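Reader: Before we look at anything together, please show me the model, and then take me through its features one at a time, with the criteria behind each.

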Amino acid sequence: MANAADAVDRRRFEALTRPELALPEVPKLRILPDKEARTLTISDAGIGMGKAELVEHLGTIARSGTLAFAKSLAEAPAADKPSLIGQFGVGFYSAFMVADRVEVTSRRAGTEEAWLWASEGKGDYTLAPAERAEAGTDIVLHMKADAEEFLEPFRLQTIIRKWADHIAIPITVARDGQDEPANEGTALWRKAKSDVTEEQYAEFYRHVAHAFDTPWSTLHWRAEGMLDFAALLFVPGMKPFQAVEGERESRVRLHVRRMFITEEAALLPPWLRFVHGVVDTEDLPLNVSREMLQATPVLARIRKAVTSRVLSELKTRAKDAEDYAKFWEEFRPGAEGGHLRGCRAPQGHRRAAALRSSAVEGWTSLADYVSRMKEGQEAIYILSGDDAAALAASPQLEGFRAKGVEVLLLSDHIDAFWPDRLTEFEGKPVRSVTQGTVDLSKVAGGEAAGEAADVTALLALLKEALKDQVSEVRATDRLVDSAVVLAAPQYGPDLQMQRLLRRAGRETGGALPVLEVNPRHKLIARLAANAAGDPLLGETAGLLLDLARVQDGDVPRDPAAFARRVAAALALG
């Protein structure tokens, strides 16, 4: 199709100085499948080829008439140059992958002679005079038995929509004696934004994304200068249905001079894989290989520019919190969005990342969180777990709420991973409230009520009773209503990461948790008063540890022992 389109462009170009070569009123490329004869005919009304050109271009693999023509136009004014995309030296010979014989009948525009070139792809060919009423070329493929699917009109239309939808010349496929349009006939991304309607954008989005909704955001721009590319990208309005988890790589289409090359150029990182669209560049050769795509610095610069533009758009749209929340609900981590707020996202997107908070309704951002930080607050505090509602009620938040300190609640399944790598934001360290000791003494207000009991002896006895299960037992002032809470050591995984590692059958590096007790709680005060002579303190210590685990959404290590301890405690009143 590309070569046929180029032939028409060449004829149009030459007709500027030779009016007798003028094209038909409505030139088109016709595809005629014939199941009975098992042939597929491709016809164009282009410049055609004479005898010598057939020998030169089809008789020698890797010759390209388009490429030679392009070189001859090097000095022509830019406004007069046609856009040529068929610079494939060996492309014609791919026909023998599906055909055991290929016949090319061509008549050069401006001549009366037509010639028939034929070959079975075995290294030789025949060339003989032929008849053709008009200038142009007919290619007849005698299809192999295992390639008859390409004689189905629907299959042909699908291929054309994918690979040649951008070709400006109308392409038709014959079905039941009628020529049916098979392409849109325009490279929408090459047009100016002012020349494209919202309806055209929506229609193209549905085509390229195989979707039925309307895009939430449309990005259409042209980069010129060190890089030369056009891009038309869409952020979907809704997450597509997938019976299983989908591809983890970006599928933005790479075109070179309007010609579709691949969907596997990874033009966007995996955490932006929900974005669909087209990037079309002038800076790569049409015969670009997979190895070249991986190594060329041109594509690396295009990737960086495209990613930056998408993130800039998301950051801008995030200013409308209500509208952005709709997007985030669809594509937040754990669904199609992947690693949207992960540490691999550039700083600009972390600003646009939406998160839940212990202090505000709906979604918020890291930037908004920083703007609300209390005087004396030294860090951005986070709490990760499996359920947002459970996190909001967690005892881990009691001391923070008392001080009016906001905590970000992270309940998506990847949220346990990225905080370890996102160590700071706008100069503020990111800290898990379950990790190490948290000092809120510099934040005014929320002083603990009640008198603290002397728990020195109790802490030593609890540590002895739990020596194989905890690394430390200590008093804390970050609890208000709860008696105990768990914390992770200062270094190593936090509590949620430890739980995930255990579920995956992975060791946690020998990191035992810390049991923190509230010296102002009535239960702890009573235990402290009777610690020295309590024969059941060992059982009580185990019960306190299991209660702390349950509060954090974990399970007791020995459920049967936990049930027995609870029953015994109830029996004692």
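**Reading the model**

Author: H210 is placed in the loop between α5 and β9 (217-223), where helices (H or I, at least four residues) and strands (E, at least two) are DSSP runs numbered from the N terminus. This is a predicted model, in which local features need pLDDT of at least 70 and side-chain atom pairs count only at pLDDT 80 or more, while totals for chains, interfaces and linings use all residues. Residues are numbered from 1 along each chain as its sequence is written, and side-chain values use heavy atoms, with hydrogens and water left out.

Reader: How should I read the backbone angle phi, and what is phi of H210?

Author: Most residues other than glycine have a negative phi. Phi of H210, however, is near 55°, a positive value in a residue other than glycine. D176 likewise has a positive phi near 55°; D176 belongs to the loop between β7 (171-175) and β8 (178-181), and counts as exposed at 74% relative accessibility.

Reader: Which strands pair with β6, and over how many bridges?

Author: Two strands pair if DSSP finds at least two bridges between them. Strand β2 (residues 39-44) pairs with β6 in the antiparallel sense over six bridges, with V140 of β6 as the bridge partner of T41. Strand β3 (residues 99-107) is also antiparallel to β6, over eight bridges, and there S106 has T137 as its partner. Six of the eight residues of β6 (residues 136-143) are buried, so the strand is largely enclosed by the rest of the structure.

Reader: How many aromatic pairs does the structure hold?

Author: Rings of Phe, Tyr and Trp (its six-membered ring) pair if their centres lie within 6.5 Å; planes under 30 degrees apart count as stacked, over 60 as edge-to-face and the rest as tilted. The structure holds ten such pairs, and ring pairs link W189, F204, Y205 and F234 into a cluster.

How values were computed: Buried < 20%, exposed > 50% of the residue type's maximum accessible area, 1.4 Å probe, protein only.
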